[in-house]
Amino acid sequence: SGPDTFSPTGRPTGVPQDKVAQGGAYLTTAQGLRLPDTDHSLKAGPRGPVLLQDHHLREKVMHFDHERIPERVVHARGAGAHGVFRGYGAASNVTKAAFLAKDVETPVFVRFSTVIGSRGSADTVRDTRGFATKFYTSEGVFDLVGNNCPIFFIQDAIKFPDVIHAAKWHPDREIPQAQTAHDTFWDFVGLHTEGTFHTIWNMSDRGIPRSYRMMEGFGVHTFRLVNAEGATTLVKFHWKPKLGVHSLVWEEAQLLNGVDPDFHRRDLFDAIEAGAYPEWELGIQVFPDTPEQMFEGIDLLDSTKIVPEELAPVQPIGLLTLNRNTSNFFAETEQVAFHVGHLVPGIDVTDDPLLAGRLFSYLDTQITRLAGPNFPQIPINRPHAPVNDMLRDGFHQTAVHRGVAPYRPNSLDGGCPFTAGAAEGGYVEVPTQVSGRKVREAPASYADHFSQARLFWLSLTPVEREHTIAAYTFELAKCYEQAIKERYLRVLANIDPVLCEQVAEGLGLPAPAGSESLADPRPSPALSQVGRTWPAD
Ligand code: HEM
């Protein structure tokens with residue numbers, strides 16, 4: 001065996017070192033003690049009782065007992081890959097982010113996921129897909145934690161526990177593993193009509209991607225970019241797959257759920273292993289940063305709305321290539337910790353209330369999932385930029401910090417560390433003006449729940465409409481409660497009468513008359529009827 005192979009018995013194995021569990025010549029305990037035998041417990045005679053003094057037995061079984069960590073509270077099932085991102089420089093007029101400059105190459109790790117199913121659930125279910133990217137930039141980690149759907153079910157993060165409680169399995173029987181085929185999901189989206197657009201997106205062919213390699217990705221929220229001169233711009237991030245957007249039809253997805261529940265995971269790994277590296281262009285829609293934060297009458301802080309690309313084209317700013325598979329799923333895909341608050345100079349958040357809650361939630365959940373506050377030290381989460389923080393101790397601390405004064409200024413360790421202003425690459429939040437009454441209210445601009453769902457429905461081809469009708473019919477038919485189906489038919493009537501009638505027919509229920517539509521129908525102006533509300537530049 002050569003230097004890259006491991007052969008505990010002295011026989012050549014030909015197995016590369018990174019593919020075997022241990023790299024040394026002997027099996028040892030966790031303390032480095034060489035083991036003569038790991039196959040038999042220590043006993044009082046071959047048929048006698050096992051002795052409590054068998055430290056190796058206890059260590060081996062104890063460690064196994066603790067191998068699992070909690071799965072993610074959402075997006076539990078995923079697949080990841082490494083790659084590289086190359087900036088085109090096209091965004092340099094709107095952001096000073098170093099990784100977006102021309103021809104800068106940045107290592108990345110991407111994790112794709114379903115939202116609702118458990119870690120072991122099937123890939124080809126109808127659900128939203130996560131598309132989370134970690135850029136290991138020279139200025140620190142930037143995470144773009146997006147989905148393959150440009151809008152979200154809710155407008156305010158305080159509703160996130162509610163929507164996830166509704167979409168996850170029923171508490172009594174823990175079914176279904178898919179997102180949508182049950183009473184609580186349809187109960188929620190019937191009572192929270194701001195979810196109408198996200199729901200129709202999932203009921204369309206978009207709800208079952210053919211491959212992770214053939215999905216778009218969206219940052220969903222509006223972000224604020226800052227350029228070298230300090231000028232700000234509002235943007236929405238988009239990933240456009242070079243292979244185009246493709247879906248599975250329902251029958252294909254059903255067969256695959258049975259014959260290969262790992263279909264998407266396998267497809268991604270096999271493609272990369274074969275050298276067919278998937279690529280996406282990162283693009284931005286650009287909007288002027290006006291005090292109203294509106295564009296063509298669309299509230300840019302409302303994550304249930306898109307800005308149609310006809311109104312604001314997506315401008316390409318870089319290329320992502322996934323070119324290396326994981327070598328240890330747990331160490332990479334399972335332990336990776338994304339966070340919308342991982343930002344770099346040149347990229348800032350906006351006041352979208354959905355984003356605000358996320359800024360709290362990711363770090364908070366990872367403290368449980370990854371057992372303590374030191375998970376940024378796990379290899380997959382380590383920045384590739386130098387780290388010089390004053391965070392100390394805690395569970396699973398692996399750094400051995402030096403110095404006696406982890407605070408600043410101090411007069412013992414030379415007063416360091418220094419801080420950096422914007423000119424030295426420090427991250428300075430955009431000093432936006434904040435004012436207003438302290439209230440628990442949504443703005444009036446959040447009230448239109450249907451016009452964009454209608455726009456989407458009208459954009460579908462006849463065969464896509466057929467699939468969408470079939471999907472609503474199938475999923476709603478799984479509800480036990482008649483009232484939930486009837487209420488959702490009234491939501492559909494607010495999108496389109498034909499859609500409503502056809503789903504009603506499929507369910508064997510009368511379609512609600514126009515006047516019977518939702519008791520509290522929200523205003524739904526057509527996009528063309530709403531005007532530009534910010535002062536011209
Ligand atoms: C996980 C996207 C809204 C809480 C994720 C992941 C993605 C994602 C892609 C999986 C990350 C991974 O692969 O490890 C989104 C998008 C949202 C959204 C695009 C809306 C635009 C929210 C909100 C909350 C939230 C509003 C909470 C208030 C979480 C939590 C996790 C998660 C707790 C698990 C994180 C972990 O365990 O590491 N989200 N999410 N998400 N999301 Fe969101």
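## Basis of the model

Residue numbers start from 1 along each chain, following the sequence as it is written. The structure is predicted, and local features need pLDDT of at least 70, side-chain atom pairs count only at pLDDT 80 or more, while totals for chains, interfaces and linings use all residues.

## Shell around the ligand

The ligand is surrounded by 29 residues, of which the closest are His 75, Arg 111, Gly 130, Phe 160 and Ser 361; a residue is near a molecule or strand if its C-beta atom, placed from the backbone, lies within 6 Å of it. By class, the shell holds 13 nonpolar, twelve polar and four charged residues, where Ala, Val, Leu, Ile, Met, Phe, Trp, Tyr, Cys and Pro count as nonpolar, Asp, Glu, Lys and Arg as charged, and the others, Gly among them, as polar.

At least two residues of this shell come from each of strand 2 (105-114), strand 3 (129-137), strand 4 (140-147) and helix 8 (353-369), and helix 8 gives the most, with eight residues. Helices (H or I, at least four residues) and strands (E, at least two) are DSSP runs, numbered from the N terminus.

Strand 7 (residues 232-241) is mostly covered, as seven of its ten residues are buried; buried residues have 20 or more other C-beta atoms within 10 Å of their own, exposed ones 12 or fewer, and partly exposed ones a number in between, with C-beta atoms placed from the backbone.

Strands pair if DSSP finds at least two bridges between them. Strand 7 runs antiparallel to strand 8 (residues 279-288), joined by nine bridges, and Lys 236 has Gln 285 in strand 8 as its bridge partner. Four bridges join strand 7 to the antiparallel strand 6 (residues 223-226), with Phe 223 opposite Val 235. These two strands form a hairpin with five residues between them, and Gly 230 in the turn has a positive phi of about 90 degrees. Strand 5 (residues 217-218) is also antiparallel to strand 7, through two bridges, and Gly 217 stands opposite Trp 239.

## Backbone details

Most residues other than glycine have a negative phi, and most peptide bonds are trans. Glu 174, however, has a positive phi near 50 degrees; this residue lies in the loop between helix 2 and helix 3 and is exposed, with 10 other C-beta atoms within 10 Å. Val 220, in the loop between strand 5 and strand 6, has a positive phi near 65 degrees but counts as buried, with 23 C-beta neighbours inside 10 Å.

The peptide bond from Ile 175 to Pro 176 is cis, with omega near -5 degrees, and Pro 176 is placed in the loop between helix 2 (160-167) and helix 3 (183-191). Arg 408 and Pro 409 are likewise joined by a cis peptide bond, with omega about -5 degrees.
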